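Please look at the sequence and the structure before reading on.

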Amino acid sequence: MDKYHPGYFGKVGMRYYTLNKNKYHNPIVNLDKLWSLVGEEVRQNAPKDPSTAPVIDVTQHGIFKVLGKGQLPQQPVVVKAKFFSARAERKIKEVGGACILVA
């Protein structure tokens, strides 16, 4: 048994002072769930005024990346996020919307 040998107990290795355990924490949302973040009232009022598009800031909901699964309704929308997949960006621009990157 190793526990009876000298040097078994204690700390081993180097310390990592700047360790960030949530370095790759990146919550996602798909396009088909995007409108559920703002509510039904905003979605129904959006087509009434075509000169303005509703702004959906997903970072306020704790989501950082927008993925392209699903379809968007045919009305423009401005989406703010840290990351966009290429497919999501293409689909948002197809309906006349815009993708804004935030830090």
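Between which strand and which helix is the loop that holds Trp-35? Trp-35 is found in the loop between strand 1 (28–30) and helix 1 (40–45); helices (H or I, at least four residues) and strands (E, at least two) are DSSP runs, numbered from the N terminus. The model is predicted, so local features need pLDDT of at least 70 and side-chain atom pairs count only at pLDDT 80 or more, while totals for chains, interfaces and linings use all residues. Residues are numbered from 1 along each chain as its sequence is written, and side-chain values use heavy atoms, with hydrogens and water left out.

- Not counting residues up to four places away in sequence, Trp-35 touches several residues, including Val-42, Pro-54, Ile-56, Leu-72 and Val-77; a contact means heavy atoms within 4.5 Å.
- Trp-35 and Leu-72 are 37 residues apart along the chain, and their C-alpha atoms are separated by 8.5 Å.

**A charge over a ring**

- Lys-82 lies over the face of Phe-64, at 4.3 Å from the ring centre (the rule asks for NZ of Lys or CZ of Arg within 6 Å of the ring centre and within 35 degrees of the ring normal).

- Lys-93 forms a salt bridge with Glu-89, with the closest N and O atoms 3.2 Å apart.
- Lys-93 and Glu-89 are separated by about one helical turn, because they are 4 residues apart in helix 2 (residues 86–94).
- Lys-93 is partly exposed at 49%, and Glu-89 is partly exposed at 31%.
- Arg-90 forms a salt bridge with Glu-94, with the closest N and O atoms 3.5 Å apart.
- Arg-90 is partly exposed, with a relative accessible area of 44%, whereas Glu-94 is exposed at 55%.

- An open sheet is formed by 3 strands in the order 1-3-5, with parallel pairing; two strands pair if DSSP finds at least two bridges between them.
- Strand 1 and strand 5 (83–84) stand at the edges with a single partner strand each, so one side of each has no neighbour in the sheet.
- Strand 3 (residues 65–67) pairs with strand 5 over 2 bridges, and the bridge partner of Val-66 in strand 5 is Phe-84.

Key. Salt bridge = Lys/Arg side-chain N within 4 Å of Asp/Glu carboxyl O. Buried < 20%, exposed > 50% of the residue type's maximum accessible area, 1.4 Å probe, protein only.
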